[in-house]
Each structure stands twice: as C-alpha cells, then as structure tokens.
Amino acid sequence: MDYDSEKPREECGVFGIISPEPIPCAGLSAVALLALQHRGQEGAGIALFDGGDVKCKKNVGLVDEIFGADYLEYAPKVKVAVAHVRYSTTGVNSAENAQPIVTKHSRLTCALAHNGNLTNAAALHKKMVRESGKIFTTTNDTEIINMLLIDETIKCRDLNQAVYNVTNIIEGAYSLVIGTGDRLIAVRDKNGFRPLCMGKLKNATVFASESCALDSIGAEFVRDVEPGEIVCVDVNGKTTSVKHDLTGVRRGLCVFEMVYFARPDSVIDGMSVYEARLEMGRALWQQQPVDADMVCGVPDSGLVSAYGYARASGIPYGTAFIKNRYVGRSFIVPSQLKREETVSVKLNPLKAAVEGKRIVLVDDSIVRGTTSARIIKTLRKAGAKEVHMRIASPPFRHPCHFGIDIDSEENLIANKTDVEGIRKCIGADSLVFMDYGSLMKINLGKNVKFCGGCFSGDYPVKADAAGGKDKFDD
C-alpha cells in the first residue's frame with residue numbers, strides 16, 4: 001500500500017476542441033489529458049471526428065501508455081475532438097467503460113465525455129431496459145446520457161434542444177463535453193458540482209475540466225461554464241449559450257476540488273486553487289497555534305497548505321519528504337517487504353531536515369488513518385522530536401453521491417472515534433482538522449457556494465436520490 005492509496009479519488013477529467021479548419025486535435029488532446037491525469041489514472045480516450053466518421057482510441061492505463069508516438073504521428077488533422085481521463089466510481093474499470101462513449105445512430109453520431117455521477121442512473125437504466133428494451137454495452141452512467149440524447153434528438157430533431165431536454169431528465173453531477181461532426185457542446189449541471197471552463201486557441205474553442213489543461217496547450221482562458229449552462233460551438237466558430245433557471249437551486253461546487261483534486265495552478269469559478277490552499281493553511285494556524293521548529297506538507301496535495309501555515313505562523317517552511325517520481329501507479333511492492341515499510345517506496349523522510357525537530361505536518365485529509373500513522377512513524381524513525389498533524393479539511397463522515405470515491409462510512413476513522421482517538425491511532429503529538437465553517441469560507445471573496453456533504457451530511461440536493469454509484473444489475 002503506497003502513501004496515497006487511501007486518498008479519495010476523483011472520477012474524471014474531460015476535454016474537447018473544435019476548429020474551423022483541421023488541426024492536430026489528437027496531439028492537443030493528449031497533452032491536455034496529461035495535464036488532467038491527476039483526475040483519473042485508470043483509463044483514457046480520444047475521439048476524433050474525421051468528416052462524417054468518428055474514430056475513438058481508448059483503453060485502461062495512463063495517457064502516455066495509451067497514446068504513443070505512432071498514434072499521435074499518424075492521427076489525421078480534424079476539426080472536432082473529445083477526450084477523457086477516468087477513475088471509475090460507476091462500473092468496473094475496463095476498456096469498454098473507458099470514455100468518451102461513442103454512439104452511432106441514423107439520427108445522431110456523437111462522442112460524450114462525462115465528469116461526475118448521476119444520482120438517478122440506476123432508475124433511468126432500469127426504465128430504459130425494461131420499458132424500451134435498450135441494450136447497453138457498458139456499466140457506467142455516461143452511456144445513459146448518450147441513449148437519452150438519441151431519444152430526444154429523434155423527438156425534437158434538434159441536438160441543442162435534445163441536450164437541454166436531457167439535462168431536465170438526469171440528476172446529480174455532470175460536466176459534459178459532447179462532440180459531433182459539426183459542433184461541440186459543453187454542459188454543466190445546475191448545482192455546479194464539477195468544474196468546467198472554456199478557452200481559445202487561435203481560431204479553435206476548447207473546453208476542459210481545469211484551466212491547467214488550457215495552459216498546457218497554449219490556449220487562453222476565456223471563462224468558466226456556469227452552473228446550469230449549455231454552450232454550443234459550431235465548426236464556423238458560432239457560439240450560443242442557454243442557461244437553466246436556477247431559482248431555488250443550491251449551488252455546490254465540490255469543496256474537495258479546492259482541498260485536493262484540482263491542480264494548484266488551476267483557477268476554478270474565479271478562485272485560484274493555490275491561493276485557496278494558502279488560505280486553508282492560514283486558517284489552520286489561527287484555529288489552534290502550536291510551537292514548532294518546521295512546517296512541512298505531505299507531497300503533493302499538502303504542500304501549499306503547509307506553506308500557507310508557515311507564512312501565517314512564522315515557523316520556517318521545510319521539506320520533510322523526498323517523493324520518488326519514478327514509481328508508476330501500477331508498481332507492486334515485493335511481498336517480502338514488511339507492509340509498514342512500503343510507505344518509503346514512494347515517500348522517504350529527509351533525516352537531515354527533521355532530526356531533532358518539532359514538526360508541523362500538513363495533509364489534505366485523513367480517511368482510514370492507516371497511511372497517516374505510517375507517515376508519522378517514518379518521521380519519528382528519522383528522528384523527529386514531535387509531530388503535530390494538521391489537516392486542511394474536516395473529518396470524513398459521509399459518502400459522496402456526486403463523483404468522488406470515498407470509503408464506506410463504517411471504514412472512515414472519524415465514524416469510529418473522536419479526534420483524540422484519531423490522534424492516538426495515528427501517533428501524532430497533536431491533531432487538528434480544519435473547522436467546517438472555516439473551510440466553507442475559502443472562496444476568496446467570490447460568489448461561490450460549496451458542497452461539503454462528505455463532511456457535514458448536508459448536500460445541495462437530496463442525498464437519498466443517489467443510485468448511480470453501484471454497478472447496474474439489470
């Protein structure tokens with residue numbers, strides 16, 4: 001078990017590009033997916049629209065494992081592409097479940113990439129199979145959207161209207177990029193659970209889960225797609241936008257995007273992820289100061305908050321761990337190694353920096369507590385005098401119904417014991433979790449509301465509607 005194996009996992013990252021003239025969309029998509037790799041490391045895919053046909057290459061694995069030089073060199077220049085990286089929360093991890101999901105029908109040929117989780121997926125699937133006789137080739141909820149798009153396109157004979165109609169049927173979290181031979185459509189759910197932004201690359205328009213993907217291909221950030229908005233761009237560059245009436249709808253950007261999922265160099269809904277994490281560190285210091293010799297973060301997601309803590313406290317910021325960046329996600333520790341020693345395969349303490357020091361160790365979250373216990377143990381073994389753990393989020397107590405894979409409630413350490421019990425379990429000298437109210441205020445003055453249901457149990461929509469995270473059984 002490596003040091004980050006118990007972290008909550010994001011479901012997906014999406015990308016799409018459309019240009020008036022053929023351009024190397026495959027290469028641009030692959031580069032953008034590399035920038036989004038942190039959002040999904042189980043599978044990836046790129047769909048290219050070449051004339052009236054669509055060709056999709058996808059598989060399980062990392063982006064650079066799937067899209068080699070041969071594919072990128074010989075892929076045709078096209079006008080439209082849709083791409084995706086995946087971590088599965090609905091359906092098994094397989095090449096069939098990798099996205100984009102391509103649907104070919106006499107009325108509609110499209111490729112769809114989805115980030116999120118439909119809370120009424122199971123009910124929709126059951127209805128479509130039993131009442132309409134639909135045959136599904138995957139076990140993920142994205143194919144349901146494709147099927148609904150075909151039905152609505154047949155009914156209204158207009159794809160843009162069909163997309164709008166579908167968004168009134170599906171529930172939960174969905175940031176979508178939908179491509180056809182002549183247009184690219186970006187959709188964000190009414191609550192705004194998952195991020196989605198728009199950019200320009202010369203004459204091309206691009207959409208991506210995070211702005212860092214735009215930066216990676218040299219695109220200029222234009223704006224975020226707003227909650228409840230549908231943006232359509234055709235191959236001539238004409239852009240139209242339709243927005244749902246959000247009266248009575250609670251906005252709920254997943255706060256864990258700011259805590260952990262998003263890259264620090266991304267900007268989401270006008271908020272710098274980097275600055276938000278600095279603010280988390282500052283708030284942690286104000287919440288409960290402690291005397292120490294050095295502040296350090298658990299790589300990589302704890303580093304910025306640790307720097308914010310150090311700046312606020314005046315305690316020197318330092319490096320306590322060296323991360324081995326050459327160990328791939330599929331690396332298996334030899335069985336003869338003791339389980340307690342496997343943390344050092346990816347994360348090794350820097351003895352010269354921590355020996356004899358009182359350390360403030362900042363991390364983004366604690367799920368089961370086993371990894372935190374091992375990390376603290378390695379610091380003490382390296383000579384740390386004290387280890388004060390600071391967590392830039394509240395304790396996990398509840399499931400997420402909107403696209404984050406969080407362990408079951410009975411396995412969450414915060415549901416087994418109180419903070420003092422967790423402190424004893426992980427072996428810290430002190431332990432402080434971010435106060436929930438303080439976390440909800442890290443929007444940096446922007447008019448953004450967060451979903452923190454995994455911490456509080458208070459969701460922007462009814463949690464009992466959730467039914468999309470389980471494998472379909474029809």
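This is a predicted model: local features need pLDDT of at least 70, side-chain atom pairs count only at pLDDT 80 or more; totals for chains, interfaces and linings use all residues.

Student: Is T103 buried or exposed?

Tutor: T103 counts as buried because its relative accessibility is 12%. Across the protein, buried residues make up 57% of the 474 residues.

Student: Which strand holds T103?

Tutor: Strands (E, at least two residues) and helices (H or I, at least four) are DSSP runs, numbered from the N terminus. T103 sits in strand β6, residues 101–104. The whole protein has 16 helices and 25 strands.

Student: Which residues is T103 in contact with?

Tutor: Contact means heavy atoms within 4.5 Å. Setting aside neighbours within four places in sequence, T103 touches L108, T109, C110, N146 and I150. A polar contact is a pair of N or O atoms within 3.5 Å; within protein, one must be able to donate a hydrogen and the other to accept it, and residues adjacent in sequence count only if both atoms are side-chain atoms. The side chains of T103 and N146 make one at 2.9 Å.

Student: What about sheets? In what order do the seven strands of the open sheet come?

Tutor: Strands of a sheet pair through backbone hydrogen bonds, either parallel or antiparallel. Two strands count as paired if DSSP finds at least two bridges between them. Here the order is β4-β3-β5-β2-β11-β10-β12, with antiparallel pairing. At the edges are β4 (53–60) and β12 (220–224), each pairing on one side only.

Student: How many bridges join β2 and β11?

Tutor: Four bridges, in the antiparallel sense, link β2 (residues 12–23) with β11 (residues 204–208). Look for G16, which stands opposite F207 in β11.

Student: And helices: which residues of α10 are buried?

Tutor: In α10 (residues 303–313), they are V304, S305, A306, G308, Y309, A310 and S313. These pack against α9 (273–287), β18 (294–297), β21 (358–363) and β22 (386–391). Just past α10, G314 has a positive phi of about 85°.

Conventions:
Residues are numbered from 1 along each chain as its sequence is written. Side-chain values use heavy atoms; hydrogens and water are left out. Buried means under 20% relative accessible area, exposed over 50%, partly exposed in between (1.4 Å probe, protein chains only).
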